[in-house]
Amino acid sequence: LATAALALLNAAGPLADVGLSIEPRVTSAAYLAAAAAGIVCVALMVVPVLIGARRFAETERELSRQETRTFGQRMGLDMALIAISGIALWQLRSYGATLTTSVRGSLGVDPLLVAAPAIGLLAGGIVALRIMPLLAGAAEGALSRGRDLVTSLGVQQLARRPLRYTRSVLLLMIAISTGVFALSYAATWSTSQHDQADFQSGAAVRAVPGHQVGALPPWALPAAYAGLPGVGSLSPVERRTDGLAFGASSGDVLAIDADVAPDIVLMRPDQAAESLADLMRPLRAGRPQPRLAELPAGTTALRVVPWLDIVTAGRFVPSGPFEFRTERIDPATITGVQVSVGVTLRDARGLLYQLESAQQPLTSPAQPILVSLGAAASEDAPAMAGPLEVAELSVDFWLPADVVVSNGSVGAARVSAGQGPGGPWQPVALSAIGPWRATQVAPGQQESVAADLSQGITLPLSGGGAQGTLFGNGTGGPPAHVVLVPKAIESLPGEVPVIANHAFLLAADAGVGDSVAVRLDGLQRTVTIAGSVEEFPGTDGGRPVLIVDEPTLGLLRLQATNTTRDADEWWFAAADAAAPQLAAALAAPPFASSAVLTAADRERTLGRDPVAVGILGALALGFVAAALFAIVGLVVSAAVSARQRQTEFAVLRALGLSGGQLSRWLWLENGSVVAVSVVGGTALGLLIGWLVLPFVTVTQRGTAPVPAVIVEIPWERILILDVSGALVLAVAVAVIGSLLRRRGVGSTMRMGDD
């Protein structure tokens, strides 16, 4: 039967739901266990009979004065069981999981910890039996002096013979407590898997942009993503592992758009003292708003005229071993100069993108170079989300080898915007936003020289060595790099508002409102902790993490390094029904995302854990078995008790006790048993669940889940369970009462004559 029952799980039940197939076999150990169980069962049946085969006087004394405590209570076995369960529960809460590491370092299941809930349920049920006589005695004292004959008889019966009902109470209490624990475990486990999936994914849908040939360029992704069906809000996310250093510690950085993060991030409310919207508000308020040159609406191409005015030039010639001298040359004789330009644009979301032209010969001083916003994408690629602003310009010059320019000026002459590669062109007033600043980097050098520009956006060359001098390195070597940045970018605020997780606050010994010196993105900065969370979704909860506004981080990086960085991921808010279609679209061309993750898929994966599903199935089977035993036991106990008391009932009926009063008597006795069992079993199941559930709903690696488990109590299902059990037993009592009323009083009283 056991083999057949287990085989059925391959077709129906939790194991079938996760696609796990088992092949049960009966081994020699199973036969030994069955034989041992059979011997115990025989002993349990024989020993009471042997104990009960006593002298007539003892039997009569027992009938007149019955014990009010069980053998286990008199011997203190229930207290011993409580001690064992207490130790097991204490170890479970100390270890934090049923999976422990052995002395050899391997992960395994501790049998005592696994059995802790079952031991606790059994111990609690047995200890609860001590309450039954006390309740019966209290009820007798309160009700026996009343005028209601049925109530007085019922409570006296309960008080004089409490052990008659202990088996039924124990069976029913264990069944109810097991059912309550199983329902609570299933609800808590399901909720925990949902919370873990939300935390691990961070958003309803998460995608890593593809970089293969044919994929959309980074600047085209926001508009293309927004046009997909089912997309609510979306945000770029930048993830920097070990991108943070403070004191002797390191941590991670997660940058997200603070404007839309509250609509996207799947964060459980108890992870922070404030709502996510309130946490993100200081980050949004602290976002810099530098004054930048705005491009006309509809701009799809830029035309940049580089500026290279050579007044004095020379050439390095050997003058001895490892010695060189500069020989002055006519600037008009310098040919083969190559040039490329780059422009950094800021879109409507505050995101920065660097676009560069191809390297090409510089044939005339006023030669325009085209930078197309659609050069890296197909013709039908969406336009960059406007309005667009110019945040930086760069010009690279490749001079012939050994040529040095010591006097002149470099930079950009003018910039024009057009709605296509053929124009018409509209000048961009770069100087109207205020002064600019130039940074010059010589070929092959790391150090740069910055100078304020007083004449438009060209940098005068001073000729002072590497400072203000252009060195040639050939068309195949590194160029002379000139970066032009508005002074508004250079004057960004120094402090950055951030959200810190609990691990960062502990490592930095800081709190909300404090300022901490950190090395962020390679530069020393001061961050102000505007809010805190226990763990932030999409991050490693055990590592220090700072949450930064993505547009703010982009501007600070541009200020410090004159570079930009594309988003590592994009997070999307989407309805549950739209998430699968959105994920499929992100994985298909033209996006061809490297990876796509949905919270629903992650929850489905976590929910197919065979260990947890097996525990749920075992609890369900255990509850069904316990409930069947409890119902059968209570019905048999009530029937046997009623049969043994037929003469007593017949005498009372002969004295005038009506059939309705007899039914009330039976209802009072058995209803009291059911009420005590249901209330006690429910309370016991809830208590064990509260003690155990946070430590048994662990991950597949045996670690505590993140976020922490919240014990879920399915009150509606528990109420249905309690009412269903009471109704089944009420039907049994009604049937027994009906049979007793039908039996004749005379025939019952003449039974002794036979």
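Mentor: We will take some labels one by one and set each value against its definition.

Mentor: This is a predicted model, where local features need pLDDT of at least 70, side-chain atom pairs count only at pLDDT 80 or more, and totals for chains, interfaces and linings use all residues. Residues are numbered from 1 along each chain as its sequence is written, and side-chain values use heavy atoms, with hydrogens and water left out.

Trainee: How many helices and strands are in the protein?

Mentor: There are 23 helices and 26 strands. Helices (H or I, at least four residues) and strands (E, at least two) are DSSP runs, numbered from the N terminus.

Trainee: What makes Phe181 count as buried?

Mentor: Buried means under 20% relative accessible area, exposed means over 50%, and partly exposed is in between (1.4 Å probe, protein chains only). Phe181 has a relative accessible area of 4%, so Phe181 is buried. Tyr185 has 2% relative accessibility, so Tyr185 is buried too. Across the protein, buried residues make up 44% of the 754 residues.

Trainee: Why is the pair of Phe181 and Tyr185 called tilted?

Mentor: Start with the rule. Rings of Phe, Tyr and Trp (its six-membered ring) pair if their centres lie within 6.5 Å; planes under 30 degrees apart count as stacked, over 60 as edge-to-face and the rest as tilted. By this rule the count comes to five aromatic pairs. In Phe181 and Tyr185 the ring centres are 6.3 Å apart and the planes stand at 45°, so the pair is tilted.

Trainee: Why are Phe181 and Tyr185 separated by about one helical turn?

Mentor: Both sit in helix H10 (residues 166-201), four residues apart, so about one helical turn separates them. An α-helix has 3.6 residues a turn, so residues three or four places apart point the same way.

Trainee: What is the angle between the planes of Tyr225 and Phe591?

Mentor: The angle is 20°, and the centres are 5.2 Å apart; this aromatic pair is stacked. Tyr225 is in helix H11 (residues 221-226). Phe591 is in the loop between helix H17 (579-587) and strand E26 (595-598). They are 366 residues apart, so the pair links distant parts of the chain. Both Tyr225 and Phe591 are buried. Ring pairs also link Tyr225, Trp570, Phe572 and Phe591 into a cluster.

Trainee: How do you know that the reach of H10 is close to the expected value?

Mentor: The expected span of a helix is 1.5 Å times one less than its number of residues. H10 has 36 residues and reaches 51 Å from its first C-alpha to its last, close to the expected 52 Å. H10 is also mostly covered, with 26 of its 36 residues buried. Gly202 follows H10 and has a positive phi, near 85°.

Trainee: What makes Glu569 and Arg206 a salt bridge?

Mentor: A salt bridge is a side-chain nitrogen of Lys or Arg within 4 Å of a carboxyl oxygen of Asp or Glu. In Glu569 and Arg206 the closest N and O atoms are 3.4 Å apart, and they form a salt bridge. Glu569 lies in strand E25 (residues 569-572) and Arg206 in strand E3 (residues 205-208), 363 residues apart. Glu569 is buried at 8% relative accessibility. Arg206 is buried at 16%. A search of the whole structure finds 18 salt bridges.

Trainee: Which strands hold Glu389 and Arg346?

Mentor: Glu389 and Arg346 meet in a salt bridge at 3.3 Å, N to O. Glu389 is in strand E13 (residues 389-398) and Arg346 in strand E9 (residues 338-346), 43 residues apart. Both residues of this pair, Glu389 and Arg346, are buried.

Trainee: Are Asp601 and Arg604 buried or partly exposed, and why?

Mentor: Asp601 has a relative accessible area of 37%, so Asp601 is partly exposed. Arg604 has 47%, so Arg604 is partly exposed as well. Their side chains meet in a salt bridge at 2.6 Å, N to O. Asp601 and Arg604 are three residues apart in helix H18 (residues 599-606), so about one helical turn separates them.
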